[in-house]
Amino acid sequence: MNQTQDRQTPALRFGWRAGYLFASLGIYMVDQSSKAWAVRALRFGADRTIVRGFLDFVYTENPGIAFGQLQEGGSFGRWFFVVLAVAAAMAVFYYFLRTPRNDDRILGACALLLAGIAGNLTDRVRLGYVIDFIVVHAGSWHWPTFNVADASISIGALLLAYDLIFEKKKTMVSSQLSVTSETDSKRLTTDH
């Protein structure tokens with residue numbers, strides 16, 4: 001942690017995070033609005049082709065988890081997924097609060113995850129299922145039907161995975177280089 005960050009007050013540190021939370025709220029609202037639109041416009045078979053052969057809007061009720069997996073849970077499954085989503089949201093929010101202010105990729109990823117989790121959690125608590133309506137396909141290949149919240153979760157998870165995989169490697173390489181340069185400087189001073 002750098003000295004500038006140490007001098008920031010808790011209110012200032014939270015102020016920066018508030019912007020990410022505001023963006024997360026915006027994504028949540030887009031998700032809920034798009035689902036409300038899907039109920040009104042698509043629910044009774046009024047499917048829409050947006051880009052022929054690539055993108056359609058088709059109303060689907062998904063009682064399972066993301067992308068239509070594990071749909072046979074019944075009432076137990078519904079509340080299990082609610083508890084799981086609440087636990088995931090709490091873990092992401094804790095990670096969000098513990099992340100340094102200057103780590104925008106992680107803060108953004110957490111904001112995306114929070115928006116997506118909250119969007120699908122709202123549906124699951126209120127309706128017992130998640131409304132999906134976006135269908136991406138090419139020829140006979142079809143991506144599972146999804147919504148804005150699922151997209152938000154996927155992008156947030158990819159950003160976190162990128163950071164965990166590639167940024168940790170950069171940190172390890174930097175650490176190894178600094179240890180090597182320290183060893184080389186010690187060697188140079190002892191040689192003279």
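Me: What makes phenylalanine 57 and phenylalanine 133 count as buried or exposed?
Reply: Both are buried. Buried means under 20% relative accessible area, exposed over 50%, partly exposed in between (1.4 Å probe, protein chains only). This is a predicted model: local features need pLDDT of at least 70, side-chain atom pairs count only at pLDDT 80 or more, and totals for chains, interfaces and linings use all residues. Residues are numbered from 1 along each chain as its sequence is written, and side-chain values use heavy atoms, without hydrogens and water.

Me: Why is the pair of phenylalanine 57 and phenylalanine 133 called edge-to-face?
Reply: Rings of Phe, Tyr and Trp (its six-membered ring) pair if their centres lie within 6.5 Å; planes under 30 degrees apart are stacked, over 60 edge-to-face, the rest tilted. Here the centres are 5.4 Å apart and the planes stand at 75 degrees, so the pair is edge-to-face.

Me: Which parts does this pair tie together?
Reply: Phenylalanine 57 is in strand β2 (residues 55-62) and phenylalanine 133 in strand β3 (residues 130-138), so the linked parts are 76 residues apart in sequence. Strands (E, at least two residues) are DSSP runs, numbered from the N terminus.

Me: Why is the pair of tryptophan 141 and tryptophan 143 called tilted?
Reply: Its planes are at 50 degrees and its centres 6.1 Å apart, so the pair is tilted.

Me: How do you know whether tryptophan 141 is buried, exposed or partly exposed?
Reply: Its relative accessibility is 45%, so tryptophan 141 counts as partly exposed. Tryptophan 143, at 39%, is partly exposed.

Me: How many aromatic pairs are there?
Reply: The structure holds six. Trp37, Phe57 and Phe133 form one aromatic cluster.

Key: Helices (H or I, at least four residues) and strands (E, at least two) are DSSP runs, numbered from the N terminus.
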